[in-house]
Amino acid sequence: YPLYPAAVILPTLAAVVILLDVPPLVWHARNRNLAAFSLVSWIILLNLFNFVNPLIWPRDDIPNWWNGEGLCDIQARLIVGASVGVPGCMLCIMLSLARVLDTDRGDLTPTKSQRFRRRLMELLLCFGFPIVIMIVYYVVQSRRYWIHGIAGCNWDYHPSWASIVVVLVWPTVLEVFDAIIAALVITRLFKYHKDFASILEASNTTASRFVRLFCMTLILIVGTLPVQVYVLAYNMSGPLQPYSWSEVHGDSWDTIMTVPSYGTVLFYRWTWIVMGFLVFVFFGMGRDASSMYRRWLEKLGF
């Protein structure tokens, strides 16, 4: 059973991404930017899977594989949650940017109740809705989980309309809303480009932070929306079976499926790597990040 290059490249890149994304995570936490903090947290978590799993299942030696009990039960649900958590965070970011450019609003200084409602909405989209999806996923979970070579744990669902309605459609729905709000932000940027600096000053933000947040989120939307639409269309195009609780949660529910990698990795695992590098490019190389690195080095005695 050979050690494929992907079994070395994937965890190496994942480890690099995790280390690079820790400073942006800390920076967003200090600035109380919940949506951006949550987005980076989801991306770090997904790349933690990219780091750990190839170390556990690096070769296609299926007879000697660990069955993943416990670890894969958790990972499978977290991956399902991340499928809506990531676009939910992106939606919150775009909504906040659109709100900054809304010159017709009367809340340049939002009240306490307005701040509470906005924070509550962010918590619901970034974590609340993913938790709900992780719970209701059990309704359509036809097998315990899959284990793929190198990639490791993955979730499974029953091929029925119930799976589409309960789980599969929501990432695409959120991505479509992401794209709509992004288009609104672009429209307002063109409309108020002459007053851009004064609008940001009144909203207590900087052009650098606004542009970095917008560009990073827009690139993520452009890169992930077509994939989500394709995945949804692919799942809807196949023959869909009638849903039956007894069939889905019958004798085969506790089955653990194993699949050799043959040297390839599930394609979306690489997108987690790309997302992590995007976070660092936009928030790990700016002036704010450089100041934070300098403070850390000074504390270490440099």
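Predicted model: local features only at pLDDT ≥ 70, side-chain atom pairs only at ≥ 80, totals over all residues.

**The sheet**

Residues are numbered from 1 along each chain as its sequence is written, and side-chain values use heavy atoms, with hydrogens and water left out.

Strands here are DSSP runs of E with at least two residues, helices are runs of H or I with at least four, and both are numbered from the N terminus. Two strands pair if DSSP finds at least two bridges between them. By that rule, β1 (residues 145-148) runs parallel to β3, with 4 bridges.

I then looked up the whole sheet: it is open, has 3 strands in the order β2-β1-β3, and its pairing is mixed. Because β2 (152-154) and β3 (256-259) each have a single partner strand, they stand at the edges, and one side of each has no neighbour in the sheet. From one strand to the next, the twist averages 25° (axes are lines fitted to C-alpha atoms, for helices over the stretch in contact, and angles run from 0 to 180 degrees between N-to-C directions).

**Two positive phi values**

Most residues other than glycine have a negative phi, so I checked the exceptions. Ile-150 has a phi near 70° and sits in the loop between β1 and β2. Tyr-262 has a phi near 55°, in the loop between β3 and α9 (267-283).

Which of them is buried or exposed? I used relative accessible area: under 20% is buried, over 50% exposed, and partly exposed in between, with a 1.4 Å probe and protein chains only. Ile-150 is buried at 0%, whereas Tyr-262 is exposed at 64%.

**Cysteines**

I counted a disulfide when two cysteine sulfur atoms lie within 2.5 Å, and the count is 1. Cys-72 and Cys-153 form it, with their sulfur atoms 2.0 Å apart. The link is left-handed, at -65° about the S-S bond. Cys-72 is in helix α3 (residues 71-100) and Cys-153 in strand β2, so the pair ties together parts 81 residues apart in sequence. Both Cys-72 and Cys-153 are buried.

Cys-92 is buried, at 2% relative accessibility. Cys-126 is in no disulfide, and the nearest cysteine sulfur to it, that of Cys-89, is 3.4 Å away.
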